[in-house]
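Hi,

Here is the structure I promised to pass on. Have a look at it first, and then read my notes below.

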Amino acid sequence: MHNKTVVALVQATDHTSKIGYQLLIPFTVTNGVRQGRVLSPHLFAVYLDELSIQLGSARVGCTMGNMVVNHLMFADDVCVFSPSISGLQCLLNICG
């Protein structure tokens with residue numbers, strides 16, 4: 001895939017929401033990938049894979065035997081957990 005195509009998929013776009021028949025003030029989305037695009041799930045998977053690696057390497061979370069478990073992922077949901085507040089904050093900082 002050409003770089004211009006990737007740039008076109010992630011560049012800032014203007015959007016307008018509607019409540020009932022009334023249009024709201026337009027706003028600009030400056031990050032992320034538009035839903036419904038062919039590349040969207042692939043880019044999201046790449047992001048989630050990297051996030052999972054970073055969370056796993058934190059070594060903060062719930063110990064099960066000799067394994068540390070600190071997150072679960074399904075589709076576009078991420079759940080982080082830790083037995084301590086400081087551990088949970090560390091994981092949330094990684095999620096950014």
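Let's start with His71, which sits in strand S7; helices (H or I, at least four residues) and strands (E, at least two) are DSSP runs, numbered from the N terminus. Before going on: this is a predicted model, where local features need pLDDT of at least 70 and side-chain atom pairs count only at pLDDT 80 or more, while totals for chains, interfaces and linings use all residues. Residues are numbered from 1 along each chain as its sequence is written, and side-chain values use heavy atoms, leaving out hydrogens and water.

His71 is buried, at 15% relative accessible area (buried means under 20%, exposed over 50%, partly exposed in between, with a 1.4 Å probe and protein chains only). Its side chain makes polar contacts with the side chains of Ser52 (2.9 Å) and Asn70 (2.6 Å). A polar contact is a pair of N or O atoms within 3.5 Å; within protein, one must be able to donate a hydrogen and the other to accept it, and residues adjacent in sequence count only if both atoms are side-chain atoms.

Now for the strand itself. S7 (residues 71-74) pairs with S8 (residues 77-80) in the antiparallel sense over 4 bridges; pairing takes at least two bridges found by DSSP. The two form a hairpin with 2 residues between them, and Ala75 in the turn has a positive phi of about 55°. Phe74 stands opposite Asp77.

Last, the largest nonpolar core has 5 residues: Leu48, Leu51, Leu55, Val80 and Leu91. Helix H2 (residues 40-56) gives the largest share, 3 residues. Such a core is a set of buried Ala, Val, Leu, Ile, Met, Phe, Trp, Tyr and Cys residues joined through side-chain atoms within 4.5 Å.

Cheers
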